[in-house]
Amino acid sequence: MIATLSASPLLIRHADVLVTMDPARRELRDAGLLAVDGRIEAVGDAAALDAALAAARAAGRVGERLRRIDARGCVVTPGLVNTHHHMYQSLTRAVPAAQDADLFGWLTSLYPIWARYTPEMCVVAAEVAIAELLRSGCTTSSDHQYLFPNGARLDDTIEAARRLGIRFHACRGAMSVGRGTGGLPPDSVVEDEDAILADCERVVGRWHDSSHGAMTRVALAPCSPFSVSPRLMREAATLARRLGVRLHTHLAENDDDVAYGREKFGMTPAEYAESVGWLGDDVWHAHCVKLDAPGIARFGATRTGIAHCPCSNMRLASGIAPMPVWRAAGLRVGLGVDGSASNDGADLLGEARQAMLLARVGHGPAALRARDALEMATLGGAAVLGRDDVGALAPGMAADVAVFDVGGLEHAGVHDAVAGLLFAAPVRARFTIVGGRVVVDEGRLATADVRELARRQRAAVAGLAAGAA
């Protein structure tokens, strides 16, 4: 049974450290916050919170129903933001044929399995992915779904996100160029381009909400240069801008990706993106580890965003992102866990840790500081998704909060509690709060039965295996 949660007034007090990510990047000691009607009312010490609570009570905005959280021994951060995922892949972790493959080999091994999915399998996979994210302190996630086998719909995943309580950016992906016409995916999993565009307009009209604190937004997301046509890229960009929604795709993920674009289009990835209208502050691309210097400069000049997926880049040996160059160019960068078939997990705090460590492997020990990686996981992700209402703890922002208990063995001996979130072993969130609703409560997912989810996931995987046999 899924619980129905309400955004009752919420008071968090006495955090060891509260990381605001406000313009001054303040880190407050022995502090907390008050949230009313899903928004942050006040942030500060006990006196400031008492005054704000008294004012809210006097105005009749807070009654007897007030959830209190004592955050002693905890670090409180803005809810983490995931900018790239393929949630349907949660049923294909550690598939033997794909364990030691690069991107193209990995995809060709998995396409036939994904083609056998049922709509229920897509829903189970999404619920598992969302549960993982929420337990890692993630409160906002995008999801790039580009296969719709056997009657699956984007709507099903959106409804799963709403049930579990995560703030959701559903990316209506698509593949339209199969092997028969020079693409990578099998023809059985591609769609007609006119049908794709019609369904894009339908799901935007049905689900997209541009208001402050919106729980559901929709982006248009043709999959990649090697699986869709330039025509679809151009028309999706035109449609998105007419509808007022964002654009997302994969770009410059590895050397084979770059070589395909040069052979097929005679362009670098950034040149191709620009030629089809896919640069701008309403666009974000996943990976981009192989962008050349002119491409990085164009991304910086146009404020085009990047979803950085370090675990996936390592898993598929795609490359190391040039983080110091990106930062010097002023690129907008968020973090993405990518699909569970190329990461095999969805822990956003762990992803931030890997971003910090991988940058140092490639570019030296000062390439990415712990606080910079945490900023990418919060404010950076919010900017990439075009949100100004999440990613920081300040009055008026949505009450999206992660509370991490740092009193355990994992953090014993840590001298800097904020940096310790990244340097020490990642911990699950003690509380995850989305729009003032406590969706992870004392480490327990409050919106779904995790054991039942795992059972359904195992049954779905068994169904896939039986279908292959």
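Modeller: Apart from neighbours within four places in sequence, His 85 is in contact (heavy atoms within 4.5 Å) with Ala 129, Leu 133, Ser 142, Asp 143, His 144, Val 337, Asp 338, Gly 339, Ser 340 and Ala 346. This is a predicted model, in which local features need pLDDT of at least 70 and side-chain atom pairs count only at pLDDT 80 or more, while totals for chains, interfaces and linings use all residues. Residues are numbered from 1 along each chain as its sequence is written, and side-chain values use heavy atoms, with hydrogens and water left out.

His 85 sits in the loop between β6 and α2; helices (H or I, at least four residues) and strands (E, at least two) are DSSP runs numbered from the N terminus. With a relative accessibility of 0%, His 85 counts as buried, where buried means under 20% relative accessible area, exposed over 50% and partly exposed in between (1.4 Å probe, protein chains only). The His 85 side chain has one of its contacts with a backbone atom, reaching the oxygen of Asp 338 at 3.0 Å. That is a polar contact: a pair of N or O atoms within 3.5 Å, where within protein one must be able to donate a hydrogen and the other to accept it, and residues adjacent in sequence count only if both atoms are side-chain atoms.

Tyr 88 and Tyr 117 are both buried. Rings of Phe, Tyr and Trp (its six-membered ring) pair if their centres lie within 6.5 Å; planes under 30 degrees apart count as stacked, over 60 as edge-to-face and the rest as tilted. By this rule there are 9 aromatic pairs. For Tyr 88 and Tyr 117 the ring centres are 6.1 Å apart and the planes stand at 80 degrees, so this pair is edge-to-face. Both tyrosines belong to one aromatic cluster, together with Trp 106, Tyr 111, Trp 114 and Tyr 146.

In soluble globular proteins, nonpolar side chains tend to be buried together.

Beyond residues up to four places away in sequence, Phe 104 touches Leu 184, Phe 226, Asp 256 and Asp 257. Its C-alpha atom is separated by 15 Å from that of His 287, which lies 183 residues away along the chain.

His 287 is part of strand β11 and, with a relative accessibility of 0%, counts as buried. Its phi is near 85 degrees, a positive value in a residue other than glycine. Ala 252 has a positive phi as well, about 50 degrees, and it is not a glycine. Ala 252 lies in the loop between β10 and α7 (255-265), and with 1% relative accessibility it counts as buried. Most residues other than glycine have a negative phi, and most peptide bonds are trans.

Strand β11 (283-287) is also one of the elements that the buried residues of α9 pack against, the others being β10 (246-251), α8 (269-275), β12 (305-308) and α11 (323-328). In helix α9 (residues 293-302), the buried residues are Gly 295, Ile 296, Phe 299 and Gly 300. These four are on the same side of α9 because they cover an arc of only 135 degrees around the axis, taken from the directions from the helix axis to the C-beta atoms. Ala 293, Pro 294 and Ala 301 are exposed on the other side of α9.
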